Amino acid sequence: MSDPLRLGLAGLGTVGIGTLELLETQRNLIEIRCGKFLEVTAVSARDRGKDRGFDISKLQWHDDPVALATSDKVDIVVELMGGTDGAAKTLVETALAAGKPVVTANKALMAHHGTALAHLAESSGASLHFEAAVAGGIPVIKALREGLAGNRIHSITGILNGTSNYILTTMRETGRDFGSVLADAQALGYAEADPSFDIDGVDAAHKLALLTALAFGCEVDFPGVYVEGIRNIGAEDIAFAEELGYRIKLLAIAECNNGSVFQRVHPCLVDRKAPIASVDGVFNAVVAEGDYVGTTLFEGRGAGAYPTASAVVADIIDVARGQQLPTFSLPVERLNKLSTRPMAEHVGAYYLRLACLDEAGVIADITATLRDENISVETMVQRGRSSKEGQSVPVVITTHETNEAAMLRALARIEQQKSVLEPPHLIRIEAL
Ligand SMILES: NC(=O)C1=CN([C@@H]2O[C@H](COP(=O)(O)OP(=O)(O)OC[C@H]3O[C@@H](n4cnc5c(N)ncnc54)[C@H](O)[C@@H]3O)[C@@H](O)[C@H]2O)C=CC1
Ligand SMILES: N[C@@H](CC=O)C(=O)O
Ligand code: NA
C-alpha cells in the first residue's frame, strides 16, 4: 500500500462533520476502492472548542484555514466553509497555486469565480472538484462531464434547492406556514448560512450557472441568470395550483439555442403528473436533454450532511485514483462566452392571482386589458363573496402561451385598476 493521502479539511459544520464521519465509517471500503489510505491530518473552523459530536482532538488544528493550503502535512484541500470571497476564496486559490488538488462544496464561490479558479487550476496542473456544490448527493457533475460526454446538451431543468423544495412540499402537505417550515429546514442542516440564498432563488441560480457551464461548454455566467425565489408564494397559491391540477416547484432551467443561453430560476406551476412534480421534500432532480441519449433524469437528496458528504468523498476518491479532468469539461480557453437571452423574451403560459373588489365590471376590465395585449385566458376562478364592503376576493386566471413582455405590460395596467387591491401575483406555468 502506498503512502496515505493526507487531507486538510476547512469547515466543520453540517457538511464537514458529515464528511469526517463518512471517511471514518467507510474507511476500509474507501481504502480498497482507491488503493490508498485517506487520512485527515489537519482541520480548521471558527470555533475550536465547540462540541461537534466528533473527536477532532488528534487532528492538527489551524485557526487560519489558509494555512491548510501551505501545510506540508496536507496533500488535498477540502473546502467546506462557504462564502464567495474571503477565507474560502483565498484558501482555494492558495491551494491551487501550490499545485494541490481542491475539493469544494461551495457553489457560491464556484458561481462567482469558477472560470478564474478553473484557469488557475489548469495553469498549476492541480485539479478542482465540486460535485457536492450542485444537487448535493446526486452525481450530476460526473454525469454531465463523463456519462453524457458524447452528447450535445440542449437543456437542463432542475429542482436544485433542497430547502425551498422542502418548504413548498411541507406547506402543501401540512398547511404549515412558511416561517416555521424554514426553521425546520435550518435545523435539519439544509439551509445556507444566510437562508435568503435558498428562498430567494440565489442558491439554485449558483448551481444552475455551474450546470450551464458544464452542459454547454461555456464560461460560468451567474449574473446572466434570471432569479426569483419562493418568498411570495402563499398557501392560497399552493391550494389553487392543486385545484387546477398543478404543483408549485422552484425550477432552474437553462437552454442553449443558436449561440445564446437562457438561464432562469423561478417558481413554476408544473403538471401534477409530470415526473418532476413528485420530487418532494429535500430531494432534487436534474433533467438533461442530450441529442443522442434523449431525456435523462437524476434524482436524490440535494442537501443535508450525509448526502453532501457522499459527493465530497466521491471527489476525494477521484483525486486519490489520479483522475484529473478539466473543471468544466473543457480546457478554459475552449469555453465559449455565450450571449444571454433576457427574461422579456420568455414565452409561456401564466398563472395570475389577483385580490379584487367583488363588484360588477371588475373581471371585464381585467380581461379587456389581457385582450389588449393579445393574451388569451384559459381558466378563471373567483372564490367566495366578500362579507364587508371594500374587502377583496381572490381571482385566479391562467392564460395560454404568451410573451413575458406582453404579460408584464398587462399586469402593470391591471395593478392600476382601482378595484384591484394588491399587486398581482404571477407564477409561470412550465410545460414539462
Ligand atoms: N448544508 C448542506 O446541505 C450543503 C452545503 N453545501 C455547501 O457546503 C459548505 C458548508 O456548508 P455547511 O456545512 O452547511 O455550513 P455550516 O455553517 O454548517 O459550517 C461551516 C463551517 O465552516 C466554518 N467557517 C466558516 N467560515 C470560516 C472562516 N472564515 N474561517 C474558518 N472557518 C470558517 C464554520 O466555523 C463551520 O465549521 C457551504 O459552501 C455550503 O453552501 C453544499 C451542499 C449541501
Ligand atoms: N442550502 C442548499 C444546500 C445544498 O446545496 C439547499 O437547500 O439545497
Ligand atoms: Na452533486
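This is a predicted model: local features need pLDDT of at least 70, side-chain atom pairs count only at pLDDT 80 or more; totals for chains, interfaces and linings use all residues.
1. A crossing of two helices is called right-handed if the near helix is turned clockwise from the far one by less than a right angle.

2. Please start with helices H7 and H8, where H7 passes H8 in a right-handed crossing. On the H7 side the contact is made by Thr163, Tyr166, Ile167, Thr170 and Met171, and on the H8 side by Phe178, Val181, Leu182 and Ala185. By class, these contact residues are 7 nonpolar and 2 polar, with no charged residue.

3. How do H7 and H8 lie to each other? H7 covers residues 162–174 and H8 residues 178–187; they pack at an angle of about 135°, with axes 9 Å apart. The two helices are therefore oblique to each other.

4. Which residues join H6 and H10? Ile141, Leu144 and Arg145 of H6 meet Leu211, Leu214 and Ala215 of H10. This contact divides into 5 nonpolar residues, 1 charged and no polar.

5. Next, find Ile156, which sits in strand S7 (residues 153–159). Is Ile156 buried or exposed? Ile156 counts as buried because 24 C-beta neighbours lie inside 10 Å, and the cut-off for buried is 20 or more.

6. Ile156 also links up with residues from elsewhere in the sequence. Setting aside neighbours within four places in sequence, Ile156 is in contact with Leu211, Thr212, Ala215, Ala254, Val286 and Ala288. Leu211 and Ala215 belong to the H10 side of the contact with H6 as well. Gln263 is 107 residues from Ile156 along the chain, yet their C-alpha atoms are separated by 9.4 Å.

7. Now for the ligands. Around ligand 1 there are 29 residues, and the closest are Gly11, Gly13, Arg46, Gly82 and Ala303. Helix H1 (residues 14–25) gives the most to this shell, with 3 residues. The shell has 13 nonpolar, 13 polar and 3 charged residues.

8. Ligand 2 is surrounded by Gly136, Asn161, Gly162, Thr163, Tyr190, Ala191, Glu192, Asp198, Asp203, Gly302 and Ala303. These divide into 3 nonpolar, 5 polar and 3 charged residues. Thr163 is one to revisit, as it is also part of the contact of H7 with H8.

Notes:
Residues are numbered from 1 along each chain as its sequence is written. Chains are lettered from A and ligands numbered from 1 in the order in which they are written. Axes are lines fitted to C-alpha atoms, for helices over the stretch in contact, and angles run from 0 to 180 degrees between N-to-C directions. Helices (H or I, at least four residues) and strands (E, at least two) are DSSP runs, numbered from the N terminus. Angles under 35 degrees count as roughly parallel, over 145 as roughly antiparallel, 65 to 115 as roughly perpendicular and the rest as oblique. Two residues are in contact if their C-beta atoms, placed from the backbone, lie within 7 Å. Ala, Val, Leu, Ile, Met, Phe, Trp, Tyr, Cys and Pro count as nonpolar, Asp, Glu, Lys and Arg as charged, and the others, Gly among them, as polar. A residue is buried if 20 or more other C-beta atoms lie within 10 Å of its own, exposed if 12 or fewer, and partly exposed in between; C-beta atoms are placed from the backbone. A residue is near a molecule or strand if its C-beta atom, placed from the backbone, lies within 6 Å of it.
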